[in-house]
Amino acid sequence: MASCDVASSCRMNEEFAVPKDVEEVRTAMANFAERHVAAGRRVVLITSGGTKVPLESRTVRFLDNFSSGRRGASSAEYFLAKGYAVIFLHRHRSLCPYTRLYTGVNLLDCLTLNTIQEGTELVTVDQRKLPNITNILKRYQEVQTVGLLLPVEFSTLSEYLHLLKAAAQALSPIGSKAMFYLAAAVSDFYIPASEMPEHKIQSSNGPLQISMKMVPKILKPLVKDWAPKAFVISFKLETDPSILLERAYCALDTYKHQAVVANVLDTRHGYVVIVTKDFQKELVLTDKEAERGVEIEDKIVKNLSNAHSHFINQ
Ligand code: 9Z3
């Protein structure tokens, strides 16, 4: 993958529209991190879901990166169970912690309306249609009561880039207590605002040819300048297994961060390799584990939170 240097990060504001609420979100993230570190917790920023790259300013068409958000959402639950406070920077309408478990369920089919007396109605839930709902609800309410989860949404690549930069700056003061777990699927290509047609591209003009620029590699300034003491993990996604490890080591070597989680699209929920400068560890989910409802994210989070402890103590 080619890379443009985001040291030219001044270009970021020109070519990627700044989201209106970025300052508010930065403050919310900084306060969240400060409060939880004061209470003895570590903070993980999880990115999740795919970025959207518009082809027109008044967008009808866009280029999307595949990610359901399951990896990020389930990892968030395991980090919360380990005592982390979680900033969940995710694609609008991708999977979210806890609710992801019920995405296949039509809520209205689980509810019954009972008339208790005239004018008083009670809605009841059929728990058989929402597996394990009491435990999940208890866990969700504990998380909400303590305010352990801060959801932040993005849709476009521009929003993702600016919000990730803001998060890095907000978490910088907590140093090594911050972890970045970058599971979002981020576009490598974009059309700069200055070159984008305003209106819907007309098919009457014939076949479409698009030229896209390389997206600046935001990991470089994140590791080097914005949050230099943090524990940073990126994800490497390939479809060809034969180049996976080579690409993962290449990323580690280029960005000098702490770990890469390498996965192949088709097998991503059953097999990953964690690559660091000190070790390479394969994590496999057996069929038996899968039947028992074990998820590979449980193993990923265990390994990485241990590595984070080691990093903090160093
Ligand atoms: C991943 O590799 C994630 O594990 C998946 C998770 C997106 C495959 P799902 O959300 O899938 O559970 O459906 N994320 C990183 C993808 C990415 O864009 N990586 C870039 C690359 O590989 C580097 S930042 O070049």
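Helices (H or I, at least four residues) and strands (E, at least two) are DSSP runs, numbered from the N terminus. Welcome to this predicted model, where local features need pLDDT of at least 70, side-chain atom pairs count only at pLDDT 80 or more, and totals for chains, interfaces and linings use all residues. Residues are numbered from 1 along each chain as its sequence is written, and side-chain values use heavy atoms, with hydrogens and water left out.

**Around the ligand**

**Polar contacts** (pairs of N or O atoms within 3.5 Å)
- Asn263 has a polar side-chain atom 2.6 Å from an oxygen atom of the ligand.
- In the side chain of Lys236, an N or O atom is 2.8 Å from a ligand oxygen.
- Arg71 takes part through its backbone, with a polar atom 3.0 Å from an oxygen atom of the ligand.
- On its own the ligand has 600 Å² of accessible area (Shrake-Rupley method, 1.4 Å probe), and the protein covers 90% of that.

**From the UniProt record**
- An unreviewed UniProt entry lists residues 42-94 and 174-288 as "domain: DNA/pantothenate metabolism flavoprotein C-terminal"; such annotations may be inferred rather than shown by experiment.
- Residues 42-94 are 23% helix and 36% strand, with end C-alpha atoms 25 Å apart.
- Residues 174-288 are 19% helix and 29% strand, and their end C-alpha atoms lie 40 Å apart.

Note on methods:
A polar contact is a pair of N or O atoms within 3.5 Å; within protein, one must be able to donate a hydrogen and the other to accept it, and residues adjacent in sequence count only if both atoms are side-chain atoms.
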